[in-house]
Amino acid sequence: MPTLRKTSIERKLRYAIMTTVEICLLIALLIYSVSDYFTSRDDMTEHVQDLVKVISSNSSTAVYTENATISKQLIESLYGIEPVKEAHIINKNGVSLAGYFRDGNNAQAAIPAFLHRTAFVDIQYDWVDVVAPIYYDQKVIGSVIIRADLAILKQQVILNILAALIITILTIIFSYLMAHRLQKVISGPIVLLADTMTKVASGQTHISTLEKQSDDEIGQLYERFNGMIEQIHKRDEQLSVHREELEKTVELRTTALNLANKSLKRAIKEATEAKEDALYSAKAKSAFLANMSHEIRTPMNGVLGMLDMMRSTNLDDNQLDYLETAYGSADALLSIINDILDFSKIEAGKLELEQIDINICVLVEDIATLLASKAREKFIELACYIDVKLPLSIKGDPVRLRQVLMNLLGNAVKFTSEGEVLIRTLLIGNDEKIARVRFEIHDTGIGIEPDVIPTLFTPFTQADGSTTRKFGGTGLGLTISRQLVDLMSSELQITSELGHGSCFFFEVDFEISKQQHTAITIENSELAGTYALIVDDNRTNRNILKYYLSAWGVDHAESERGEHTIQKIRDAVVDGRPFDIVYLDMNMPDIDGVTLSKAIEADSQIRSVRRIMLTSSGYMSEQKCRDAFLLGSLTKPYRQANLLKLTKQAMGLSKEECPIQRQLLANDSENTENTENIFGPNISLLLVEDNIVNQKVALAMLKKIGLTATVANNGKLGVEAWEKNYYDLILMDCQMPEMSGYEATGSIRQKEQDTHTHAHTVIIAMTANAIDGDREACLASGMDDYLSKPIKIDTLKSMLIKWLKSTNKKQHPPVENITIDEQDLLLNITTLEQLRIVMEDEFETLVDNYIEDSANLIQDLMESSRNMDINVFIRAGHTLKSSSQNMGADRLATLAKQLEELGHKKNITEARAVLKHLDTVFQLTCEALKKTLDD
């Protein structure tokens, strides 16, 4: 087709005519050949049938008399008929009376021997068989069979086809000559028109019109073309006039553009200067924000730190009240500062969200627990509902998600005077990779007027903006929360009714963590079949507990009023399905939970039912639980895990005893560790801080935790102190004179890398800066973690537990307790006896010398580990190993060998852990040796 597309119209017309003629001739030839063949075949068949009839009629007497001679004469009369290939006369018994074969083959005839009582014709590819019966006296007495050859017919047909082909070829040649001549009548004018249009397209507009040659469609094309040529001539004249006018206009516009260009250059120069001024202002703003953050947080660290330390001193009631007031005000001021800094970071576009593994269930329950005390102070219910189908671990930013939920839930508690506050976390859709989680915070507070809702998320805006407003705050909390939710690719929305409360909600798509992507399933087959009763006047609390019980497979009923509960429990006993466990609410309008539990205990029929108290009134003491005949209690809002654990304990399905004498607090207090003896006695800390107040605060906090620290007044002195002594952890301020914390950390890390004599020292940043990028700058300089001032004692303790305990686990391998009774493990008795025999009276002196030398070697090991003197450390370890082996002190020799190998590996950190046990083994070895001398 591409080739035909490029062919001229002359050839296309010629090809069209020739193709049409050839196809028609070929079709006619085909039809003629086929028709001629079938016509000739039918004629031959009809001729053979006539011959068969003649032979049949003439041979009736000969067949009847079975005269073979006459029959043969009749058959041989067919010899002159060329198409006849075979012929046979057969009597009624199937015996051939006469036969004829044109090729002289007298073998058995190809015609079947059986008789056909009726005439028939069988046409094959190469021959035609015709059979006719022979009648005598109207009875069939035999048959005549003639086979005619079709080869002659085929030859005739082929000759006819060849003749037709010759005629066709001649016709095609004639058609080609005629088409070649006739197509010029059509193509000539078209070719002329095309050539003329090509010239026009190339710009030759002086061409005159074409003379019309016919009145058909081509003539119409000529008329249209001539009209187009006339329009082109008119347009050229107009363009010439416009060209002259345009040149004048361009000249004027060029002059104007030159003037505008000069003005634009001046504007660009002014815009560039303005941009540079704006960038400078932005940098100055950022620098000011950083400096203000540092300058404000530095004194705030001293204020909050000292106030926090004063809490542990002996104060009277008035002093404690003043202290709590001051601490609350300082903490509120810090919250305002944090809001302003967060708002500034978000507005500057410098806040980015982390993507780390978080447990939504734990995070939401932590937030509810933190605000539970404020809810109890206002005598309102705070409930927490967690969808049990939530993924166990997702990817997100726990700090910013916590900030949003804390703000929204804190506002709900603050603006609710009576009723309840509910935080709900729902899984509304998930697949293998993404979980869509919906967070809702409902309250029954004051509500928001409809005209205030559109401006609610505007910075520094509050629902109550009057000078007599009841609730304080900066008005930034909701703005920051909305912007953080926007960063999570979601939208913070609100529904509210004035006087009836509000609901804030948003939905976030979280990536499901690859490590743990299974859903939270609290279903426990061990509790299946358990029958529970929920006693609570609050519908929300009942619904949450019902949902959890259903997830665990626990069948349950409910009671809204305590006064009806006892009868309900009795009825269950009478019905033959008593309750296994009852969940009691503490505060109910008619009767409190403790009174109700005592009433159940007083009834002998139902006292066997297990009871658990769920209270919004705070901690319930051990004695109160015991006096109320309770198997345990939980503070609302309780955690799912704690409720499940307590339920299993109450049902006797847990290895742990039921905590009758232990309150399972919702803040996981059972998992908190006693700070006493958490850190070893030999923990060495270095505090690098230039501010005297901050030094005092940090040292006081460390002392309360049970630790001490060496102080360096700037980064340079900190590096020098680190070079001289070993420290388990360094608390490093960032902004200091002479050498900043960043520079000091970089210097320490470089020396660790260059000398290979210092193990990695944990460095924790303590900075008053809190803008975006400070944490990254600390980690980039080589610091291991980050604390933002003002530092609270709990935060500091958690950080030290995190790093010192993990370090201790790595550095302190478990060592068996060694006693004097195990001297057979300390000493090789065989070696000692051999030495005793060899040394005789000098043996006691040898022992004394060994003890004295070993003590000196151990002292060398201790000092060289602190000074990071590897050569002295290896030499002392090797010497102690050799002397101990010779003395038979196998256990001490083993530890000395281990120290020597660690010295070669320059792993002084782990060596210090072994040194702490070396001294114990040495003392026990000395006692064992002295006991040997006494024996």
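I looked up Leu-686 and found Ile-730 of β20 opposite Leu-686. Strand β18 (residues 685-688) pairs with β20 in the parallel sense over 4 bridges; I count strands as paired if DSSP finds at least two bridges between them. Strands here are DSSP runs of E with at least two residues, and helices are runs of H or I with at least four, numbered from the N terminus.

I note that this is a predicted model, with local features needing pLDDT of at least 70 and side-chain atom pairs counting only at pLDDT 80 or more, while totals for chains, interfaces and linings use all residues. Residues are numbered from 1 along each chain as its sequence is written, and side-chain values use heavy atoms, without hydrogens and water.

Next I checked β21 (residues 762-767), which pairs with β20 in the parallel sense over 5 bridges. Met-732 has Ala-765 of β21 opposite.

I then asked how covered β20 (residues 729-733) is: 5 of its 5 residues are buried (under 20% relative accessible area, 1.4 Å probe, protein chains only). Leu-729, Leu-731 and Asp-733 point one way, Ile-730 and Met-732 the other. In a regular strand, side chains alternate between the two faces of the sheet.

Last, I turned to an open antiparallel sheet of 5 strands, in the order β2-β1-β5-β4-β3. β2 (96-101) and β3 (120-123) each have a single partner strand, so one side of each lacks a neighbour in the sheet. Within this sheet, β4 (residues 127-136) and β5 (residues 139-149) pair over 10 bridges, with Pro-133 opposite Ser-143.

How values were computed. Buried means under 20% relative accessible area, exposed over 50%, partly exposed in between (1.4 Å probe, protein chains only).
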